[in-house]
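Please look over the sequence and the model before reading on.

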Amino acid sequence: MLNLVLFGPPGAGKGTQSQKLIDKYGLIHLSTGDLLRGEISQGTELGLEAKKLMDEGLLVPDAVVIGMISNKLDANKDAKGFIFDGFPRTVAQAEALDTLLESKSSAISGMVALEVDDDELERRLLLRGKDSGRPDDADPAIIRKRIKEYNDKTTPVAGYYKNQDKFTSINGIGSIDEIFSAIVAVIEKY
Ligand code: ADP
């Protein structure tokens, strides 16, 4: 099984690269952001709770996203593998993911981190906000809050995978195809 964690700050291009990786490797895409937005659009209780935090640029509780991922793993038992996009975002989530995969006799193959500087991120997110309609993309103060949450709570997740010798970082600035080729080169070594 190929189980890839695609890592990087908001606006790093994880969604774009995930789509290309799915096409090439036939993986299932698990984006906690997309799953949460799905809950919001269905008007579920979970969605209503999550929306308040998301609109402020804050993370939703670990237990909520871990539960969603666990359900999706169970629902896709015959998958060739998974791309985890926007998850794990805390060390507690990374530990929970290892436990979930272990119970299915599987494991994370590796993490690929897309490196993009903060100014470029803010520029990309504001641009995306014009089409995405996402409330959290529209306001520079919220975007900066998301980047701060990332720097405080999510960057330690890279260390978690470094300790397991599963971490590779690549330049996230360049053409979509250049970045894709760099990710594929990493995957081919797993
Ligand atoms: P981006 O990476 O561009 O910020 P996402 O769609 O991945 O966008 O996430 C949007 C929001 O959803 C986050 O700011 C956060 O509030 C919430 N979220 C998504 N994934 C997680 C997660 N794994 N843990 C906690 N909150 C999450």
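The model discussed here is predicted. Two packed helices are described by the angle between their axes and the distance between the axes.

Take helix α2, residues 32-41, and helix α3, residues 45-56: their axes cross at roughly 120° and come within 7 Å. On the α2 side, the contact is made by Gly33, Leu36, Arg37, Glu39 and Ile40. On the α3 side, Leu46, Gly47, Ala50, Lys51 and Met54 take part. By residue type, the contact of α2 with α3 has five nonpolar, two polar and three charged residues.

A second pair is helix α5, residues 91-102, with α8; these pack at an angle of about 40°, and their axes are 8 Å apart. That angle makes α5 oblique to α8. Val91, Ala94, Glu95, Leu97 and Asp98 are the α5 residues that meet α8. Their partners in α8 are Pro156, Val157, Tyr160 and Tyr161. Here the division is seven nonpolar residues, two charged and no polar ones.

Helix α8, which spans residues 140-163, also has a part in covering α6. Helix α6 runs over residues 118-132, which makes 15 residues. From its first C-alpha to its last, α6 reaches 20 Å, close to the 21 Å expected at 1.5 Å a residue. Which residues of α6 are buried? They are Glu120, Leu121, Glu122, Leu125 and Gly129. An α-helix has 3.6 residues a turn, so residues three or four places apart point the same way. What covers the buried residues of α6 includes α8 and also α7, residues 135-138. After α6 comes Gly133, with a positive phi near 70°.

Positive phi values also turn up at residues other than glycine. Ser105, which is not a glycine, has a positive phi of about 55°. Its place is the loop between α5 and β4, the latter being residues 110-115. Is Ser105 buried or exposed? With a relative accessible area of 72%, Ser105 is exposed, because the cut-off for exposed is over 50%. Asp165 has a phi near 60°, again positive in a residue other than glycine. Asp165 sits in the loop between α8 and β5, where β5 is residues 167-171. At 74% relative accessibility, Asp165 counts as exposed.

The loop between β3, residues 81-85, and α5 contains Pro88. What kind of peptide bond joins Phe87 and Pro88? The bond is cis, with omega about -5°.

Which residues is Glu188 in contact with, leaving aside its neighbours within four places in sequence? They are Lys24 and Tyr25.

Terms used
Residues are numbered from 1 along each chain as its sequence is written. This is a predicted model: local features need pLDDT of at least 70, side-chain atom pairs count only at pLDDT 80 or more; totals for chains, interfaces and linings use all residues. Side-chain values use heavy atoms; hydrogens and water are left out. Helices (H or I, at least four residues) and strands (E, at least two) are DSSP runs, numbered from the N terminus. The expected span of a helix is 1.5 Å times one less than its number of residues. Buried means under 20% relative accessible area, exposed over 50%, partly exposed in between (1.4 Å probe, protein chains only). Contact means heavy atoms within 4.5 Å. Axes are lines fitted to C-alpha atoms, for helices over the stretch in contact, and angles run from 0 to 180 degrees between N-to-C directions. Ala, Val, Leu, Ile, Met, Phe, Trp, Tyr, Cys and Pro count as nonpolar, Asp, Glu, Lys and Arg as charged, and the others, Gly among them, as polar. Angles under 35 degrees count as roughly parallel, over 145 as roughly antiparallel, 65 to 115 as roughly perpendicular and the rest as oblique.
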